[in-house]
Amino acid sequence: MSYDVVIVGGGPAGLSAALALGRARKRVLLCDAGARRNAAAEHIHNFVTRDGTPPQEFREIGRRQLAAYPSVEARDLRVEAIAGTRGAFQVTSAAGTVEARRILLCTGLIDEPLAIQGFRELWGRSIYQCPYCHGWEVQDRRWGYLARGVQFLEFPLLLRGWTRDVVVFTSGAFDVQADIRARLGAAGIHVEARPVARLIARDDRLEGIQLSDGATIRCEVLFAHPPQRQVDLVRTLGVALDDDGFVQVDPMRRETSVPGIYAGGDLVSRMQGAILAAASAMQAAAMLNHELTAELVAGGGAGGPE
Ligand SMILES: Cc1cc2nc3c(=O)[nH]c(=O)nc-3n(C[C@H](O)[C@H](O)[C@H](O)COP(=O)(O)OP(=O)(O)OC[C@H]3O[C@@H](n4cnc5c(N)ncnc54)[C@H](O)[C@@H]3O)c2cc1C
């Protein structure tokens, strides 16, 4: 079987790219399997027309809309390997190997849970990474921020837009310089340096944070930025990553360092959100479609399904 494009990953990024390429009459295989970033979240917010939609429903709507485009095939398959070069890639999954002219990586990122008792269970329920996504629902409560380094200490100032009551937990892992402490203090933000021992929950919701000396601090919502990593497939492809571990792409064309392999969505950027991922992959799709169409028509083809 031969496709113009194989898209790896069927989250907001992959679905958006598949829609654009289907409407551009390209033969597309969308493969999706495995963990997705917002699996723990109850609702997607801040995506216009989809505010409050459960993540699974969001994907089902995306798949339903793709079904209107006969040149797009969406399958629940994990891509295990990609070989070959621009114009002639071989993509292998449990269903066998197919050919593709271009690859579009929309594989998202993996969040590595922090090693704090209770973190994994509360992630997406009482622990969030983005106040634009989940701040509104929990505004004006007591919020905490688990800071992993001094470079993260601008973030709690942003949180003040949603609540007056913010505590920063450093676990004493780094020093907070006097000027930063003063800025936080002026915003009414307390810095707690005693190490966090565990998170206390009731009915799957955070109630408090127990410190190593046994003291408990009341806290209903936590924000955190756990470390992130690329999925294994991306690591095996040899595409260049930047210093922060994001896949490097040409800012306009969205091509990676490996010719013919493009990328869009969370895996390329610290600015992570469903609508941003969809837009970034749509850009990649448009850019690679332009190239592909030029190539096909130059060879005498129609530029669409023959
Ligand atoms: C807890 C939480 C809550 C969030 N809430 C919101 C919110 O309310 N609003 C918002 O805008 N954003 C939210 N986000 C961020 C949002 O989920 C991401 O920005 C968005 O999902 C990124 O889309 P993506 O398509 O790039 O990646 P993903 O949605 O992660 O999709 C990537 C897909 O690729 C698949 N994949 C990976 N490797 C392979 C492979 N080898 N073969 C086949 N498939 C593969 C994965 O299984 C996954 O399904 C939240 C994130 C988290 C962690």
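Buried, in these notes, means under 20% relative accessible area; exposed means over 50%, and partly exposed is in between (1.4 Å probe, protein chains only). I am working on a predicted model: local features need pLDDT of at least 70, side-chain atom pairs count only at pLDDT 80 or more, and totals for chains, interfaces and linings use all residues. Residues are numbered from 1 along each chain as its sequence is written, and side-chain values use heavy atoms, with hydrogens and water left out.

**Entry: open sheet**

I looked up the strand order. Helices (H or I, at least four residues) and strands (E, at least two) are DSSP runs, numbered from the N terminus. Two strands pair if DSSP finds at least two bridges between them. I find an open sheet of 5 strands, ordered S8-S15-S9-S10-S11, with parallel pairing. S8 (127-128) and S11 (190-192) are the edge strands, each pairing on one side only. S8 meets S15 (residues 221-224) over 2 parallel bridges. Tyr128 has Phe223 of S15 as its bridge partner.

**Entry: rings**

Next I checked the aromatics. Rings of Phe, Tyr and Trp (its six-membered ring) pair if their centres lie within 6.5 Å; planes under 30 degrees apart count as stacked, over 60 as edge-to-face and the rest as tilted. I count 8 aromatic pairs in the structure. Tyr128 and Phe223 make a tilted one, at 6.0 Å centre to centre and 55° between the planes. Tyr128 is in strand S8 and Phe223 in strand S15, so this pair ties together parts 95 residues apart in sequence. Tyr128 and Phe223 are both buried.

Phe223 also pairs with Trp143, again tilted, at 4.8 Å centre to centre and 35° between the planes. Trp143 sits in strand S9 (residues 143-146) and Phe223 in strand S15, so parts 80 residues apart in sequence are tied together. Trp143 is buried, as is Phe223.

**Entry: hairpin**

I moved on to S4 (residues 79-85) and S5 (residues 88-93). These strands run antiparallel and are joined by 6 bridges. Ala81 stands opposite Thr92 of S5. The hairpin has 2 residues between the strands, and Gly87 takes a positive phi near 95° there.

**Entry: cysteines**

How many disulfides are there? I applied the cut-off (a pair of cysteine sulfur atoms within 2.5 Å) and got 0. For Cys31, the closest cysteine sulfur is in Cys106, 11 Å away, too far for a bond. Cys31 is buried, with a relative accessible area of 3%. Cys219 is in no disulfide either; the nearest cysteine sulfur, that of Cys130, is 17 Å away. Cys219 is buried too, at a relative accessible area of 1%.

**Entry: second largest pocket**

Last, I looked at a pocket (on a 1 Å grid over the protein atoms alone, an open set of points where a 1.4 Å probe fits, with protein on both sides within 12 Å along at least five of seven lines; lining residues have an atom within 4 Å of a point). The second largest pocket holds about 330 Å³ of space, a volume being the space filled by probe spheres set on the points, joined across faces, edges and corners. I find 16 lining residues, with Leu19, Phe47, Phe58, Gly62 and Gln65 nearest the centre. Helices H1 (12-23), H2 (55-66) and H8 (274-298) each supply at least two lining residues. By type, the lining has 11 nonpolar, 4 polar and 1 charged. Here Ala, Val, Leu, Ile, Met, Phe, Trp, Tyr, Cys and Pro count as nonpolar, Asp, Glu, Lys and Arg as charged, and the others, Gly among them, as polar.
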